[in-house]
Amino acid sequence: QVQLVESGGGLVQAGGPLRLSCVASGRTFSSYAMGWFRHAPGKEREFVAAITWSGGSTYYEDSVKGRFTISRENAKNTVYLQMTSLKPEDTAVYYCARSRSLAVRKGDYDYWGQGTQVTVSS
């Protein structure tokens, strides 16, 4: 019904920038929030950032505040995650997901993308 596809991942040196994109397709609701999560080997999937439908409210996990920026272009059904000052500990598979409202819990998201790999070298 709803498909989410992430792109933009890759290999980047520590301190560098990277921009991730997530495009939604299929039967989408007119109003929904979006979030980004990441999953590193040996760790559980964790919250990174979220944004409301209008883009008026955002929320970030403490470790990425001031470095990552979430945004969206609803006309393109796309949400972005602009990452700067990347650190090796940011290495993970990054997933975008949809929720009914701004949320930080995995259980509040009903659709997930397949993920895109981000590798930060030191």
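Is S21 buried or exposed? Select S21 and you'll find it buried, at a relative accessible area of 15% (buried is under 20%, exposed over 50%, partly exposed in between, with a 1.4 Å probe and protein chains only).

Before moving on: this is a predicted model, where local features need pLDDT of at least 70, side-chain atom pairs count only at pLDDT 80 or more, and totals for chains, interfaces and linings use all residues. Residues are numbered from 1 along each chain as its sequence is written, and side-chain values use heavy atoms, with hydrogens and water left out.

S21 sits in strand β3, residues 18–26 (strands are DSSP runs of E, at least two residues, numbered from the N terminus). Show its contacts (heavy atoms within 4.5 Å): beyond neighbours within four places in sequence, S21 touches V5, E6, S7, W36, T78, V79 and Y80.

Next, jump to N77, in the loop between β7 (68–73) and β8 (78–83). Its phi is positive, about 50 degrees, though N77 is no glycine. Most residues other than glycine have a negative phi. N77 is partly exposed, at 30%.

β7 and β8 each supply at least two lining residues.

Last stop: S85, in the loop between β8 and β9 (92–99). S85 has a positive phi too, near 50 degrees, and is partly exposed at 40%.

Methods. Helix = DSSP H or I, 4+ residues; strand = E, 2+ residues; numbered from the N terminus.
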